[in-house]
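Thank you all for coming. Could you bring up the sequence and the structure, so that we can go through them together?

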Amino acid sequence: MIIGLTGSIASGKSTVSNMLKAYGFPIVDADLVARQVVEPGSETLQKIAEVFGKEILTENGELDRKKLGAIIFNNEEKRQLLNSIIHPAIRKEMLRQRDEHLANGEKTVIMDIPLLFESKLQHFVDKILVVSVSEDVQLQRLMERNQLSEEEAKARIQSQLPLSVKEQGADAVINNNGTIDETRKQLEQILNEWDVL
Ligand SMILES: CC(C)(COP(=O)(O)OP(=O)(O)OC[C@H]1O[C@@H](n2cnc3c(N)ncnc32)[C@H](O)[C@@H]1O)[C@@H](O)C(=O)NCCC(=O)NCCS
Ligand SMILES: Nc1ncnc2c1ncn2[C@@H]1O[C@H](COP(=O)(O)OP(=O)(O)OP(=O)(O)O)[C@@H](O)[C@H]1O
């Protein structure tokens, strides 16, 4: 079974992903893949530099993530432009990793994809697990984790679909407003229901 793990920024996907890793499930992590495909020397990084200008590269020729983030989280047109360059490469690599795990005989693979709904990737997976939090908790945790102002954090949250919409498309929802332990219990129950433990 391919399980798509999603949510919104700072809703707790990585927290749940780490729990799934501890169970021994292989994880395909879209954020990690997004870093792999823009390594220095890659075709994708070259294209990004052509379109966004050399200023978005650091002195070492790496992607200046802070600079690019400041551009794309505040400008929808630029975000779509970046997505059109980087998403095809991310998708290809994620499917390669998924297929590699399946070829190795894994029965269950987790695909951690923050933009599963925004990018309409529902067909990649058999079951969709959404990690959800209230708007207040999301804003608070994002500001704390990334040291962002309220305005910066809100811009990031607004660059994604609302969690309420994602919940409607889910096969199961974890409410991550409570303690880590409460989240772990919900996860265990869902995995039991899906018969993958
Ligand atoms: C703009 C970049 C360089 C900023 O890097 P930074 O290290 O600050 O953030 P990081 O990559 O850790 O992403 C943090 C979170 O931001 C959100 N996010 C990232 N990119 C996007 C996007 N294009 N649209 C909406 N939300 C996004 C996701 O929830 C993600 O989990 C980076 O996010 C990026 O390369 N984005 C484009 C690739 C992408 O869409 N990644 C999302 C998963 S496929
Ligand atoms: N139940 C919880 N109680 C307290 N803090 C939590 C809980 N779940 C997550 N956090 C904290 O909230 C922040 C966001 O969680 P996490 O990094 O797992 O979110 P994410 O969905 O993976 O975010 P992103 O999409 O930005 O990568 C982290 O600092 C994490 O430690």
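The buried residues of H1 pack against strand E1 (2-7), strand E2 (27-29), strand E3 (109-112), strand E4 (127-132), strand E5 (172-175) and helix H9 (180-193), where contact means heavy atoms within 4.5 Å. Helices (H or I, at least four residues) and strands (E, at least two) are DSSP runs, numbered from the N terminus.

This is a predicted model, in which local features need pLDDT of at least 70 and side-chain atom pairs count only at pLDDT 80 or more, while totals for chains, interfaces and linings use all residues. Residues are numbered from 1 along each chain as its sequence is written, chains are lettered from A and ligands numbered from 1 in the order in which they are written, and side-chain values use heavy atoms, leaving out hydrogens and water. The protein chain averages a pLDDT of 98, with 100% of the residues scoring at least 70; pLDDT is the predictor's confidence in each residue, from 0 to 100.

Which residues of helix H1 (residues 13-23) are buried? They are Lys13, Val16, Ser17, Met19 and Leu20, and because they cover an arc of only 160° around the axis, they lie on the same side of H1. That arc is taken from the directions from the helix axis to the C-beta atoms. Buried means under 20% relative accessible area, exposed over 50%, and partly exposed in between (1.4 Å probe, protein chains only). On the other side of H1, Lys21 and Ala22 are exposed, and H1 is followed by glycine 24, whose phi is positive, near 100°.

Finally, histidine 101, in helix H5 (residues 76-103), is buried, with a relative accessible area of 19%.
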